[in-house]
Amino acid sequence: MATYIVLLGPPGVGKGTQAKILSETKKLAHISSGDLFRENLKNQTELGKTAKSFMDKGELVPDDVTIAMIKDRLSRPDCATGAILDGFPRTPAQADALEAMLKEFKGSVSAVPFISAAENILIERASGRWTCKAQGHIYHEKFSPPKQAGVCDFDGSEIYQRDDDKVETVAKRIRVYLEQTMPLVDHYRKAGKLIEIDGSQSVEQVTKALFDALVQQT
Ligand code: ADP
Ligand code: ADP
């Protein structure tokens with residue numbers, strides 16, 4: 001049976017960082033809706049142009065567009081054994097759509113780690129985040145700087161600060177998260193799939209908490 005793990009949590013809490021570690025260890029594809037949108041932006045596709053106006057304002061891209069993009073990604077062969085979903089679903093409609101598409105692929109959501117931390121931590125993390133242009137590797141100017149300033153350790157590409165990581169936009173994204181994504185916490189708790197993780201700890205401690213909890217759940 002395929003393993004689909006949904007990482008839930010506010011912007012900046014560390015979902016992408018943990019998703020990359022989980023994906024390598026568990027040999028599962030890492031699907032980040034934000035990375036997919038940014039790839040479309042870079043390639044100037046129609047989807048990228050549509051997404052940009054919402055992303056710049058810190059709002060969610062409409063459900064229909066987002067769901068179609070994820071369905072297309074999940075249909076690829078590297079997701080046959082499952083995937084780590086990072087940043088999707090973010091609304092109840094997206095969660096319902098995910099359930100329906102996984103049913104089609106003869107699977108279901110296995111576990112939902114919910115990583116949380118106080119708002120000041122989220123702002124500090126997101127506003128100090130640097131992202132690699134080529135593949136989205138994640139750095140922090142204070143907590144996990146690259147070996148050489150401005151250059152990705154893994155692929156040598158340039159690292160940059162995302163436009164939507166400005167303090168005002170991060171604050172807006174947190175509000176949007178509280179309004180539109182928080183209902184999913186209850187949804188997955190009721191389904192018996194939620195695993196609560198304290199995201200205020202170090203990267204290593206969060207990884208350990210995640211792995212310990214997932215051993216029992218998946
Ligand atoms: P973070 O988790 O750090 O908030 P992401 O990279 O996941 O950031 O998302 C960046 C932006 O991309 C979001 O603010 C939103 O505009 C868009 N986005 C990403 N995932 C979704 C989604 N599932 N539904 C709608 N919009 C999304
Ligand atoms: P998300 O995908 O939830 O928006 P990221 O994984 O991109 O979050 O992390 C946001 C920022 O915080 C990045 O700069 C990352 O290096 C840093 N970070 C992630 N986890 C931790 C942690 N546990 N402690 C300190 N900094 C962290």
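A: Leaving aside residues up to four places away in sequence, Thr 207 touches Gln 18 and Ile 21, where contact means heavy atoms within 4.5 Å. The model is a predicted one, in which local features need pLDDT of at least 70 and side-chain atom pairs count only at pLDDT 80 or more, whereas totals for chains, interfaces and linings use all residues; side-chain values use heavy atoms, with hydrogens and water left out. Residues are numbered from 1 along each chain as its sequence is written, while chains are lettered from A and ligands numbered from 1 in the order in which they are written.

Thr 207 belongs to helix α9, residues 203-217; helices (H or I, at least four residues) and strands (E, at least two) are DSSP runs numbered from the N terminus. With a relative accessibility of 13%, Thr 207 counts as buried, a term that stands for under 20% relative accessible area, with exposed for over 50% and partly exposed for what lies in between (1.4 Å probe, protein chains only). A polar atom of the Thr 207 side chain is 2.8 Å from the backbone oxygen of Val 203; a polar contact is a pair of N or O atoms within 3.5 Å, and within protein one must be able to donate a hydrogen and the other to accept it, residues adjacent in sequence counting only if both atoms are side-chain atoms.

Next comes ligand 2. The shell around ligand 2 holds 18 residues, the closest being Gly 12, Lys 15, Thr 17, Arg 129 and Tyr 139; a residue is near a molecule or strand if one of its heavy atoms lies within 4 Å of it. Helix α1 (15-26) and strand β6 (138-140) each contribute at least two residues to this shell. A polar side-chain atom of Thr 17 is 2.6 Å from an oxygen atom of ligand 2, a backbone N or O atom of Gly 14 is 3.0 Å from an oxygen atom of ligand 2, and a polar backbone atom of Gln 201 is 2.9 Å from a nitrogen atom of the ligand. On its own ligand 2 exposes 560 Å², of which the protein buries 93%; accessible areas come from the Shrake-Rupley method with a 1.4 Å probe, and for residues only the protein chains shown count as cover.

Ligand 1 has 20 residues around it, and those that come nearest are Ser 33, Arg 38, Glu 59, Gly 87 and Arg 173. The largest share of this shell, four residues, is supplied by α2. An N or O atom in the side chain of Arg 38 lies 2.9 Å from an oxygen atom of ligand 1, a polar side-chain atom of Arg 162 is 3.2 Å from an oxygen atom of ligand 1, and a polar backbone atom of Val 61 is 3.0 Å from a nitrogen atom of the ligand. Of the 550 Å² of accessible area that ligand 1 has by itself, the protein covers 96%.

Helix α2 itself has Ser 33, Leu 36, Phe 37, Arg 38 and Asn 40 as its buried residues, and these pack against β2, α3, α4, β3 and β7 (159-160). After α2 comes Gln 44, whose phi is positive, near 50°.

The C-alpha atoms of Ile 67 and Ala 97 are 7.0 Å apart, although the two are separated by 30 residues along the chain.
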